[in-house]
Amino acid sequence: MATTESYIKPPTLFETIYNIGRSAIGSNVPNVLRRFSSNSKINNPTSRPLGRIESYTCASHDLSIYHGALISAEFTSPHETGLRLTDPHVLYPALEMVIKKHSSLACCIHGQDTDSPKLVMVETIDLEKQTNILQLPNSEVSRVKLYEQYVSNKFEDVETVCPWRVIISPIETENLKSHDSRKLSDASERTLFDDDITKWEVAFYFHHSISDGVGGRVFITSLFEALNEILSNNASSNSYYGAGLINNDKGISSISSIVTIPKGSLSLPPSLESLLKMPLSLGFLCKNAAAEFGFTNPTKTCWTGPPLPDAHLPAPHHTNTRLKRAKISAEQMQKLHQACRLQDTSITCLITTILLSAVSKSIPLGHRKTEAGECGGLDKLGRPYQKLSFALARNLRPLADPAMGVTADSIGDYACSHDMTVHRRMLENGDDWLWETARSIKGKLKTEISRGDQDLNPGLLRYAHSIRQYFLQKTGRARLHTFELSSIVADKPSTRNNESWSISNLGFVQSASSEGGPFSLSTISFKGEGLTLGFSWGEGNLPEDMIESIVKILLESVDRLCR
């Protein structure tokens, strides 16, 4: 295993600038931009210190600044097999296969509330503690409410229970609604093995230190592939259950929920810093140093919603997450793809631009306060905000050498974001300006990607002496962005018509962030399918009517562009 890089070096130019800044401004400047000192040589192959970006998400989780993300999909059982995803005999063997393929799922986090957290491989995993199986079919509204509860709370016992959960809920299909032999009032009598239930929504909720959004999607498709592999392997023996189970005249044996991880069978996932050097240019360093010490204020003329809450206060102070899901149909997506090709831009850049326009039109006029503070459209001097800023998430797996153990299908925290700013006047002059802005965003993003691993924001974390202190000293400051957008598009796994499990309708939502933008949008789809939109915001951060307006304008804009 590659060791983490040592940072015992002569002072860099950035550190020199930092020290000059401290001398010029005074000793009251928070001492948070120094060398990151928790890296050390790894002697135990079953544990390692968290990397810098993993430590960043770990601290934000422990301080209830950001809890995690959730990826979901609809699974449909093979035709006339009687298989039930909620049956442990079906689910547990598939989960075991996924865990033994992805070592991140077999890890706990030790010292999460310290400046030196570690990733530790466990010896056993109890799947009963990792899964939540709902017995009765539920609606889209009730599932969203359930997901809100998950993403609004931290993972407990992260030192002993792996910080991820699988939530499975039966979907009430038209077949169930119109079933002649059973009335809706008898729904309480349905069981996990009800023959009427053939479709479930599977959700994977995870701590961001063990996975990013792309890794969450990998988990969902890996579970799907494991179910079909088990189905194929056992078809010849006329059994649909996992390996090691007895299927004979005496019936099917019970199944254990305990997964044992044989010693040495899995390697710890490498950290992002062990894969990429992430060098920083002088210009990038100076720009960030100037913003950190207040020489420049990139958010001064940007609308970013209410200020950051007090991270010193206990978790109940932090707002609960509110979620809203919406859909752009497959037919609409096809038309948008065609339009984007003609306009030399991409779906992600177009959706970003449409969202910017929707936000600009939905910002409350004048001053308006919420529970979290002022979120109106006027700055402290009574002038309208001129700009909007946003962060676009980026998957860094393509930059890694596969020989280091990370590929496109690896689960881990291998992401960064790129920050951009747009003037509001570019968004309020019709569709021609809309397309012009989308092309501009694509050009800027293309430039950022062309730099490879240079000037990535995770690279700045090497100078953070205490990431926890970095979060705590930001209380009351303006937020970093207007919103954050994460976008995932994946190839759909192949199926054998009705002879195998099928998968569709990916979903993606995240917890609200008390450090980034006042809301976020997470989009996800299989190629050729509709695009699912997942809005997340902190309850009390923004007026309810503002979120409703943003979603309404975005969907109306999509309809208009598809005509």
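**Helix packing and sheets in a predicted model**

Student: H11 and H14 are oblique to each other. At what angle do these helices pack, and how far apart are their axes?

Tutor: In this predicted model, helix H11 (residues 347-362) packs against helix H14 (residues 544-561) at about 135°, and their axes are 8 Å apart. Angles of 65 to 115 degrees count as roughly perpendicular and those over 145 as roughly antiparallel, so an angle between these ranges is oblique.

Student: Is the crossing of H11 and H14 right-handed or left-handed?

Tutor: H11 and H14 cross in the right-handed sense.

Student: Which residues make the contact?

Tutor: H11 contributes Leu-350, Ile-354, Leu-355, Ala-358, Val-359, Lys-361 and Ser-362. From H14 come Met-546, Ser-549, Ile-550, Ile-553, Leu-554, Ser-557, Val-558 and Leu-561.

Student: What does the contact of H11 with H14 look like by class?

Tutor: It has 11 nonpolar residues, 3 polar residues and 1 charged residue.

Student: Next, how do H3 and H7 pack?

Tutor: Helix H3 (residues 88-99) and helix H7 (residues 213-234) meet at an angle of about 120°, with an axis separation of 8 Å. That angle makes H3 oblique to H7. The crossing of these two helices is right-handed.

Student: Which residues of H3 and H7 are involved in the contact?

Tutor: On H3 they are Val-90, Pro-93, Ala-94, Leu-95, Met-97 and Val-98. On H7 they are Phe-219, Ser-222, Leu-223, Ala-226, Leu-227, Glu-229 and Ile-230. By class, this contact of H3 with H7 has 11 nonpolar, 1 polar and 1 charged residues.

Student: Turning to sheets: what is the order in the open sheet of 5 strands?

Tutor: The order is E6-E7-E8-E2-E18, and the pairing is mixed. Strand E6 (131-133) and strand E18 (502-510) are the edge strands, each pairing on one side only. On average, neighbouring strands of this sheet are turned by 15° against each other, direction ignored.

Student: How many bridges pair E2 with E18?

Tutor: Strand E2 (residues 69-76) pairs with E18 over 7 bridges, in the antiparallel sense. As one example, Leu-70 has Val-509 in E18 as its bridge partner.

Student: Which strands does H5 lie across?

Tutor: Helix H5 (residues 140-151) lies across E2, E6, strand E7 (164-170), strand E8 (199-206) and E18. Its direction is at about 170° to E7.

Student: And where does H7 lie?

Tutor: H7, the helix that packs with H3, lies across E2, E7, E8 and E18, and runs at about 25° to E2.

Student: What about the open sheet formed by 3 strands?

Tutor: That sheet has the order E1-E4-E3 with antiparallel pairing. Strand E1 (47-49) and strand E3 (107-110) are at the edges with a single partner strand each, so one side of each has no neighbour in the sheet. Here neighbouring strands are turned by 25° against each other on average, direction ignored.

Student: How many bridges join E1 to E4?

Tutor: There are 3 bridges between E1 and strand E4 (residues 118-121), and the two strands run antiparallel. Arg-48 has Leu-119 as its bridge partner in E4.

Student: Finally, what is the mean pLDDT of the chain?

Tutor: The mean is 83, and 82% of the residues reach 70 or more. Over residues 178-193, however, the pLDDT is below 50, and this stretch has 21 contacts in the model beyond near neighbours in sequence. Residues 237-252 also have pLDDT under 50, with 27 contacts beyond four places in sequence.

Notes. Residues numbered from 1 in each chain as written. Predicted model: local features only at pLDDT ≥ 70, side-chain atom pairs only at ≥ 80, totals over all residues. Heavy atoms only, no water. pLDDT = per-residue confidence, 0-100. Contact = heavy atoms within 4.5 Å. Axes fitted to C-alpha atoms, helices over the stretch in contact; angles between N-to-C directions. Helix = DSSP H or I, 4+ residues; strand = E, 2+ residues; numbered from the N terminus. Parallel < 35°, antiparallel > 145°, perpendicular 65-115°, else oblique. Left-handed = near helix turned anticlockwise from the far one by under 90°. Nonpolar A, V, L, I, M, F, W, Y, C, P; charged D, E, K, R; others polar. Pairing = 2+ DSSP bridges.
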